[in-house]
Amino acid sequence: MSMDAESFELLLTTARRFVEERLRPLEGEVDRTDSMPTEIVDEMRELGLFGLTISEDYGGLGLNMEEECRFVFEMGRASPAFRSVFGTNLGIGSQAIVFGGTDEQKQHYLPKLAAGEIIGSFALTEPDVGSDAIAVQTKAIKDGDDYIINGVKRYITNAPRAHLFTLMARTAPERKADSISCFLVGADTPGIKLGKPDKKMGQHGTTTCDVIFDDCRVPSSALLGGVEGNGFRTAMKVLDKGRLHISALCVGVAGRLIEEMVSFSTNRKQFEQKVSEFQLIQAMIADSQTEMLAAKSLVLETARKRDAGENVVMDVAATKLFASEMVGRVADRAVQVHGGAGYISEYAVERLYRDVRLFRIYEGTSQIQQLIVAREIIKKLS
C-alpha cells in the first residue's frame with residue numbers, strides 16, 4: 001500500500017515545516033529539561049504522525065517502507081527525541097500486532113495506536129538479555145485461562161508514557177525460538193511497576209526505564225495471535241523493519257549535521273579567511289556528504305526491495321550497520337569543524353553528537369549487524 005504522489009509530497013512539506021517552525025526552536029529546552037512539551041505531542045496527534053504506517057483500514061495513512069523512510073529523512077533534521085515520541089507506534093509498538101495479531105486484536109488496538117490515543121512500547125531487552133534475544137528470562141506461566149508474568153525489562157523506550165506493552169516472555173524452558181511468546185499487556189494491569197527514568201548520555205526527552213512484572217496476571221486473549229511460541233520470530237520481523245527506520249533517521253540527522261557544518265564554517269573566519277575555504281575543512285564536509293548520500297541510497301534501495309516482497313534480512317543489517325556508523329563519523333567531523341564551539345552546549349552539534357551515539361547500539365548493535373550480514377552472505381554463496 002502507498003499514498004498517492006501529490007498527497008505524499010504534501011505530507012513531506014508539512015513535516016519540513018513542522019521541523020523548522022515547531023521542533024528545532026524547542027531542541028535546547030527538551031535537552032535541558034529531558035521532557036517533551038505536551039503541546040508538541042498533541043500537535044503530532046493532530047498531524048496523524050502516530051499512524052503513518054498503520055493501514056487506512058484502521059485509521060492510519062498506510063505508508064509503505066520507502067515512504068516511511070523518506071518521511072523519516074525529514075524528521076531526522078530535528079533532535080531524535082521528537083521522532084521517538086511517535087516512532088514506537090509506527091514500528092515496534094504496533095507492527096507485532098500488524099504481523100501476528102488476531103483480527104480482534106487488530107480491531108481493538110490499531111485504531112487507537114494510529115490516533116495516538118495509546119502509545120505502544122516494545123518490551124524485549126532485560127538486565128541480562130540484550131543482543132541474545134532468545135535468552136529472555138521473563139516468564140509467563142499458564143494458570144487456568146490466564147498467564148502469570150514475572151520478570152524485568154530494561155531500557156524500554158516510551159515506557160513511562162506507554163499505554164500498551166508488547167511483551168516478550170518465556171512460555172517454555174528450552175533455548176529455542178518456539179519458547180518465546182508475545183503478549184499485549186495494558187500498562188494499567190496490576191503487577192506492573194516502572195523503575196526510575198534512566199539518565200542518558202543523549203536523546204534527552206526520550207523516556208526509558210525498567211518495567212517490572214510482579215505476578216502480573218493477564219488473560220489468554222493477551223497472547224499475540226492467540227498462540228504460544230511466536231514471540232521470537234515476531235520480534236525479529238519487527239526489528240528488521242525498525243532497523244530500516246533507524247537507518248533512515250541516521251541519514252536525516254547526518255543531513256542536519258552537514259547543514260550545521262556548512263553554516264558555521266561559512267560564517268566564521270580564521271587567518272582572515274572563511275573556515276569553509278580551507279581544504280581540510282572542505283574534505284570533512286565532502287566526506288560527510290558523500291557518506292550520507294551513500295547511506296541514503298542504500299536505505300531507499302533496501303526499502304524498495306522490502307516493499308516488493310523480497311527477503312531483505314541481510315540488506316537491512318548492512319544498511320543499519322553502514323548508516324549508524326556513518327552518522328557517528330559525520331557527527332565527529334561536525335564537532336571538529338566547529339572547533340571549541342563544537343564542545344559547547346549552545347551549539348546543536350554538541351547535542352547531536354551525544355544523540356547519535358545510541359544508533360550504533362539499539363535495534364541491534366553494529367556487531368550484531370556484522371554477524372547477520374556475514375551469516376546471510378555465507379549462506380547465500382556456500
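Cys250 is buried, with a relative accessible area of 0%, and Cys209 is buried too, at 1%. Here, buried means under 20% relative accessible area, using a 1.4 Å probe and protein chains only. Keep in mind that this is a predicted model, where local features need pLDDT of at least 70, side-chain atom pairs count only at pLDDT 80 or more, and totals for chains, interfaces and linings use all residues. Residues are numbered from 1 along each chain as its sequence is written, and side-chain values use heavy atoms, leaving out hydrogens and water.

So what about disulfides? Searching the whole structure turns up zero of them, counting a pair of cysteine sulfur atoms within 2.5 Å as a disulfide. Here is how two of the cysteines sit:

| Cysteine | Nearest cysteine sulfur | Distance |
|---|---|---|
| Cys209 | Cys216 | 15 Å |
| Cys250 | Cys69 | 11 Å |

Now for some helix packing. Helices are DSSP runs (H or I, at least four residues), numbered from the N terminus. H10 (residues 313-338) and H11 (residues 348-356) pack at about 160 degrees, their axes 9 Å apart. Axes are lines fitted to C-alpha atoms over the stretch in contact, and angles run from 0 to 180 degrees between N-to-C directions. H10 and H11 are therefore roughly antiparallel, a label for angles over 145 degrees. Among the residues making this contact are Val327 and Ala331 of H10 and Tyr353 of H11.

H4 (residues 65-75) and H8 (residues 231-267) pack at about 35 degrees, with axes 7 Å apart. In H4, Cys69 is one of the residues that meet H8, where contact means heavy atoms within 4.5 Å.

Definitions and conventions
Helices (H or I, at least four residues) and strands (E, at least two) are DSSP runs, numbered from the N terminus. Buried means under 20% relative accessible area, exposed over 50%, partly exposed in between (1.4 Å probe, protein chains only). Angles under 35 degrees count as roughly parallel, over 145 as roughly antiparallel, 65 to 115 as roughly perpendicular and the rest as oblique.
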